[in-house]
Amino acid sequence: MEAALAEELREIAQQSTTMKVHNEVPGGVHASGELEDSYRINLHSRIASRVLMRMAAGGYKNENDIYDLTLAQPWEEWFSYDHTIRVDITAVKSPLKSLEFTTLKIKDAICDRFRDQYNKRPSVNTREPDMRIVGFLDAHQFIVYLDTSGEALFKRGWRSETGDAPLRENLAAGLLRVSGWKPGVPLFDPMCGSGTILCEAAQMVQGIPPGARRRFAFEKFHDFDAAVWQDMKAAIKPNPLPAEPTIFGSDISGDMVAMTRYNLRNAGILFDVPLKQIEAQQIQAPTAQPGILLTNPPYGERIGVRGDSSLGQDELANSFYADFSSTLKQRFAGWTVYLFTADLGVPKLLRLKEARKTPFFNGALECRLFRFDMVAGFNRREAAKPKEV
């Protein structure tokens with residue numbers, strides 16, 4: 001999602017005279033600016049996972065070099081020994097033998113810095129720390145960051161109920177951006193689960209920033225400017241509510257539909273998002289105007305919620321995708337269909353040629369966002385096929 005994030009950050013930077021977006025790197029985007037810009041990104045970015053502030057970078061040969069660089073940083077200018085800390089580390093091709101030991105050295109350096117100055121040290125809290133320190137190692141360089149976000153940004157503060165395997169909110173937002181969906185374009189998720197894609201899209205329609213309902217680590221920094229933060233939040237202007245529905249959802253499970261309705265309400269959505277309990281193979285286009293169908297199809301047991309229990313897993317999937325494909329061809333002419341899945345064989349199961357496939361990672365799971373253009377004429381071709389007797 002690096003390209004999608006860079007594009008979003010450039011949009012956020014238009015509200016600032018000091019923020020600049022630099023290069024994309026694997027897993028992130030470099031940007032620079034004033035501390036207030038980190039407030040702005042945390043408040044408005046739907047795609048970022050965290051906003052990390054780089055404290056220092058340097059070469060290293062061993063763990064002692066990492067300790068020395070961390071010890072030299074003015075941690076006391078950002079937080080106090082009363083705050084709890086947590087240290088996380090990521091490494092790519094690092095020669096160091098033990099990341100656990102390296103993590104310990106970073107923690108020791110921060111605690112020793114406070115002990116040297118105040119004869120007191122912060123305590124560690126791995127569950128709900130006040131401050132998160134993040135180390136990154138490649139083969140030659142060590143970078144240490146202070147996390148301005150706190151809890152990961154995909155935790156928007158509205159989700160209290162989830163399905164079995166919910167999409168993360170920032171992944172849903174990335175899929176919406178990569179699909180090219182914009183507020184006003186009809187959007188339909190026929191396998192909506194707990195409604196993550198619908199909630200993200202509906203907040204965009206209503207103009208609710210993703211960080212409007214939560215707290216951030218930067219609010220505990222020594223030089224946190226509460227007045228600037230309040231002004232930034234007060235400047236948010238909600239969009240007019242749509243007169244007609246443009247976002248639609250359905251799911252085979254009534255419990256999921258109820259959960260989606262609950263999550264939409266929790267996310268502050270004040271307009272109607274029509275939801276139906278219906279099998280994906282039975283759906284109709286919800287609007288006369290073609291739009292975007294974006295969904296994360298279920299796999300495994302959820303395909304068989306109302307399936308034939310005598311059929312094996314593969315037969316269930318084959319039958320489901322064959323029927324779903326017919327529905328798309330016959331009822332969604334002119335629509336652009338996006339399926340996000342870890343099953344790379346989905347185009348073959350649908351008997352459709354994808355127009356594009358974009359690789360994504362959902363955690364450690366490699367996935368694809370497949371695009372299918374449902375051109376008008378599919379339904380005529382389907383109708384012309386000889387019928388089985």
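# Chatting through the sheet, cores and salt bridges

Q: Let's start in the sheet. Which residue is the bridge partner of isoleucine 133 in β6?
A: In this predicted model, isoleucine 133 has leucine 146 of β6 as its bridge partner.

Q: Nice. And how do β5 and β6 run, parallel or antiparallel?
A: They run antiparallel, and five bridges join them.

Q: What holds strands together in general?
A: Strands of a sheet pair through backbone hydrogen bonds, in either a parallel or an antiparallel way.

Q: Can we return to isoleucine 133? What does it touch, leaving out residues up to four places away in sequence?
A: Its contacts include Trp75, Phe79, Ile110 and Leu146. Ile85, Val87, Ile106 and Val144 are also among them, as are Arg86, Asp88 and Tyr145.

Q: Which residues of the largest nonpolar core touch the most other members?
A: Trp75, Phe79, Ile110, Ile133 and Leu146 do, out of 45 residues in that core. Elements that each supply at least two residues include α1, α4, β5 and β6. The largest share comes from α1, with six residues.

Q: What about a second core: how many residues are in it?
A: The second core is separate and has 31 residues, including Leu167, Leu171, Phe340 and Phe360.

Q: Switching to charges. How many salt bridges does a search of the whole structure find?
A: It finds 18. As a general point, side chains of opposite charge can pair when their charged atoms come close.

Q: Let's take arginine 115. Which side chain does it meet in a salt bridge?
A: Arginine 115 meets aspartate 112, at 2.9 Å from N to O. Both lie in helix α4, three residues apart, which is about one turn of the helix.

Q: Good. What does glutamate 151 pair with?
A: Glutamate 151 forms a salt bridge with lysine 155, and their closest N and O atoms are 3.2 Å apart. Glutamate 151 is partly exposed at 43% relative accessible area, and lysine 155 is partly exposed at 39%.

Q: Then there's arginine 159. Which side chain does it meet?
A: That of glutamate 169, in a salt bridge of 2.9 Å, N to O. Arginine 159 lies in the loop between β6 and α5, while glutamate 169 lies in helix α5, so the pair ties together parts that are 10 residues apart in sequence.

Q: Is glutamate 169 buried or exposed?
A: Buried, with a relative accessible area of 4%.

Q: Which residues are linked in a network of salt bridges?
A: Glu7, Glu11 and Arg177 are linked that way.

Q: Last one: where is asparagine 170, and what does it touch beyond four places away in sequence?
A: Asparagine 170 is found in helix α5, residues 169–179. Asparagine 170 is buried, with a relative accessible area of 4%. Its contacts are Met1, Arg46, Ile47, Ala48, Ser49, Phe154 and Arg156.

Technical notes
Residues numbered from 1 in each chain as written. Predicted model: local features only at pLDDT ≥ 70, side-chain atom pairs only at ≥ 80, totals over all residues. Heavy atoms only, no water. Buried < 20%, exposed > 50% of the residue type's maximum accessible area, 1.4 Å probe, protein only. Contact = heavy atoms within 4.5 Å. Core = buried A, V, L, I, M, F, W, Y, C linked by side-chain atoms within 4.5 Å. Pairing = 2+ DSSP bridges. Salt bridge = Lys/Arg side-chain N within 4 Å of Asp/Glu carboxyl O.
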